[in-house]
Amino acid sequence: MSTTTTTDVKALESQHVLQTYKRQPVVFERGSGMRLQDDHGKSYLDFLSGIGVASLGHAHPKLAHALADQAAKLVHTSNLYFHPLQGELAARLTALTGLARAFFCNSGTEANEACLKFARRYWHTKSQTNRTKYVAFTHSFHGRTMGSLSVTWDEHYRGPFQPLIPGVTFVDGADPAALLAAVDADTAAIIVEPVQGEGGVRPVSPAMAKAIEDACARTGALLIADEVQSGAGRTGEFLASPAAGLTPDFVALGKALGGGMPVGAAMVSAEAAETIFAGDHGTTYGGNLLACRAALVFLDELAGGLQAHVREMAPYFLTGLRALQSRVPAIREVRAAGLIAGLDFDKDPAPVVAAALERGLLINRTSNTVIRLLPPYIVTKQDIDEALAILEEAIAAV
Ligand SMILES: *Cc1c(COP(=O)(O)O)cnc(C)c1O
């Protein structure tokens, strides 16, 4: 137990931390596997994993050991020098994604930022400096930095920060004809989440995927797949793009990749990589030894059976969610892909999130009406049963 109380923690934060977050009223001090423990010793089943990040669960022994070992050896050297882990991690990621090269950064928004810049750089190198526009989708979320924000749809995130990057068109995800009309000879790139996360767990439709591929083939526009939430094994495959029918030139990765350490990566096709040169982009921390070590542990686990486990859990999870829907009329739709799921309610389910928290289950609400579940990849059938039972109780209680 800590020496400070929940009240102390809240008071200190409310006085000194910039108030950009509306936190749930709980203080977490430790975790283990699927569970977190608060400062009163109460245990919570974690079906959010820090928004899709704690892919190995909490306090994973191999990750903890590797980080301690790496921290005792070498944490950071900057990108001025070589170290042994970046090339190794890049080799693993290129094999997993089919893209030729990796650029490492520290977050999802930075991975998208890199992809957006690389797309511009591609056309600049080819002397087509007119090709500066981006096409994005309604309900998209790509991050909070100015570039990523420019292709993020929600007015609530964008409004106070205008003007953003000009030349961004948002296309309705249900309107392939609008996508075909929006992409032209001035489009640098289309950016798409194969499964929208913050936007309410909305997978791209086959018709839209075809329109995207056709538009890219017709105009030469590049394709950026934002797989920060859908990638790194979350859906059962390393990337969600191939199953969706998308062949991106760039893929943004983050979240689950570091198992909790801040790791981002922009994956780049061979053709695009040839248009990008030394000095074009950079970061002080990106790809440091501690971050790479964490990602390598994650990829080892994934290859060592965890990816197969995700695939095995996915249909069980979906069956449970559908059964829940059949008993709860307020759930209009279940949308899921592997271990990301959204329950679309007929009204704001925020009270359900609070009721679940009280009952020791962590979930969240996104896109106004959707309860989103993003369990760690280590989730078991028993955990799924428990979580859905608590969720049903929470729904009944509100
Ligand atoms: C979370 C998320 C981001 C932003 O990632 P950060 O690490 O918060 O910068 C970008 N794109 C998608 C699809 C995400 O889910």
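Buried means under 20% relative accessible area, exposed over 50%, and partly exposed in between, with a 1.4 Å probe and protein chains only. Valine 201 is buried by this rule because its relative accessible area is 0%. This is a predicted model, in which local features need pLDDT of at least 70 and side-chain atom pairs count only at pLDDT 80 or more, while totals for chains, interfaces and linings use all residues. Residues are numbered from 1 along each chain as its sequence is written, and side-chain values use heavy atoms, with hydrogens and water left out.

Valine 201 sits in the loop between β8 (195–196) and β9 (202–203); strands (E, at least two residues) and helices (H or I, at least four) are DSSP runs numbered from the N terminus. The phi of valine 201 is near 55 degrees, a positive value in a residue other than glycine. Most residues other than glycine have a negative phi, and most peptide bonds are trans. Lysine 255 also has a positive phi, near 35 degrees. The loop between β11 (250–253) and β12 (264–268) holds lysine 255, which is partly exposed, with a relative accessible area of 22%. A cis peptide bond, with omega near 0 degrees, runs from glutamine 162 to proline 163. Proline 163 lies in the loop between α7 (155–158) and β6 (168–171).

A backbone N or O atom of glycine 108 is 2.8 Å from an oxygen atom of the ligand, and a backbone N or O atom of threonine 109 lies 2.8 Å from an oxygen atom of the ligand. The side chain of aspartate 226 has an N or O atom 2.7 Å from a nitrogen atom of the ligand. The ligand taken alone exposes 380 Å², and the protein buries 81% of that; these accessible areas come from the Shrake-Rupley method with a 1.4 Å probe, and for residues only the protein chains shown count as cover.

Serine 148 belongs to helix α6 (residues 146–150) and is buried, at 0% relative accessible area. Leucine 149 is in helix α6 too, and is buried at 2% relative accessibility.

The last stop is helix α12 (residues 289–327). At its start, a side-chain oxygen of asparagine 288 comes within 3.0 Å of the backbone nitrogen of leucine 290. Helix α12 has 39 residues, yet its end C-alpha atoms are only 49 Å apart, short of the 57 Å that a straight helix would reach at 1.5 Å a residue; the expected span is 1.5 Å times one less than the number of residues. A kink of about 65 degrees in α12 is centred on alanine 303, where the bend is the angle between axes fitted to the seven residues ending there and the seven starting there.

Methods
A polar contact is a pair of N or O atoms within 3.5 Å; within protein, one must be able to donate a hydrogen and the other to accept it, and residues adjacent in sequence count only if both atoms are side-chain atoms.
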